[in-house]
Amino acid sequence: MSNRAKVAVGGVAVGVILLWLLPFWAALLVMVGIPVGAYLLLDPSQRTRLRRASRKQLGR
């Protein structure tokens, strides 16, 4: 299993646990807020690199 697959499985597991423990809106806020916050903490050059890498993986 690749590292990306392991991260995806872990993310789904955490999401299911949060949905079970917290109300829906709170779990959704955590699941969306953490990645958005992490993206906003990147400086502009890192964001550009991340967007460029994502487009390359999509075949553009």
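Me: Which residues form the nonpolar patch on the surface, and what accessible area do they have together?

Reply: In this predicted model, the patch is formed by L19, F24, L28, M31, V32, V36, Y39, L40 and L50, with about 790 Å² of accessible area together. Helix α2, residues 24-41, supplies the largest share of the patch, seven residues.

Me: Why is L18 called buried?

Reply: The relative accessible area of L18 is 17%, and the term buried applies under 20%. L18 is therefore classed as buried.

Me: Where does L18 lie, and which residues does L18 touch beyond four places in sequence?

Reply: L18 is part of helix α1, which spans residues 3-21. Leaving aside residues up to four places away in sequence, its contacts are A27, V30 and M31. For one of these, V30, the C-alpha atom is separated from that of L18 by 8.4 Å, although the two residues are twelve apart along the chain. The contact itself rests on heavy atoms within 4.5 Å.

Me: Why does Y39 count as partly exposed?

Reply: Y39, a residue of helix α2, has a relative accessibility of 30%. Partly exposed covers the range between buried, under 20%, and exposed, over 50%. Y39 therefore counts as partly exposed.

Me: What makes R47 a charge that sits over the ring of Y39?

Reply: The charged end of R47 is 5.4 Å from the centre of the Y39 ring. The distance criterion is within 6 Å, and the charge must also be within 35 degrees of the ring normal. R47 is assigned as sitting over the ring of Y39.

Me: How many aromatic pairs does the structure hold?

Reply: The structure holds zero such pairs. Pairing would require ring centres within 6.5 Å.

Me: Why is L42 called partly exposed, and where is its place?

Reply: L42 is located in the loop between α2 and α3, the latter being residues 44-58. Its relative accessibility is 25%, and the cut-offs are under 20% for buried and over 50% for exposed. L42 is therefore partly exposed. Not counting residues up to four places away in sequence, L42 touches R47 and L50. R47 is the residue whose charged end sits over the ring of Y39, while L50 is one of the residues of the nonpolar patch.

Me: What makes up the secondary structure of the protein chain, and what share of its residues counts as buried?

Reply: The chain comprises three helices and zero strands, in the order α-α-α from the N terminus. Of its 60 residues, 7% count as buried. The chain exposes about 5,300 Å², of which carbon and sulfur atoms supply 70%.

Definitions and conventions
Residues are numbered from 1 along each chain as its sequence is written. This is a predicted model: local features need pLDDT of at least 70, side-chain atom pairs count only at pLDDT 80 or more; totals for chains, interfaces and linings use all residues. Side-chain values use heavy atoms; hydrogens and water are left out. Helices (H or I, at least four residues) and strands (E, at least two) are DSSP runs, numbered from the N terminus. Buried means under 20% relative accessible area, exposed over 50%, partly exposed in between (1.4 Å probe, protein chains only). Rings of Phe, Tyr and Trp (its six-membered ring) pair if their centres lie within 6.5 Å; planes under 30 degrees apart count as stacked, over 60 as edge-to-face and the rest as tilted. Patches are made of residues with over 30% relative accessible area and no salt bridge: like charges are joined within 9 Å, nonpolar side chains (Val, Leu, Ile, Met, Phe, Trp, Tyr) within 5 Å. Accessible areas come from the Shrake-Rupley method with a 1.4 Å probe; for residues, only the protein chains shown count as cover. A salt bridge is a side-chain nitrogen of Lys or Arg within 4 Å of a carboxyl oxygen of Asp or Glu.
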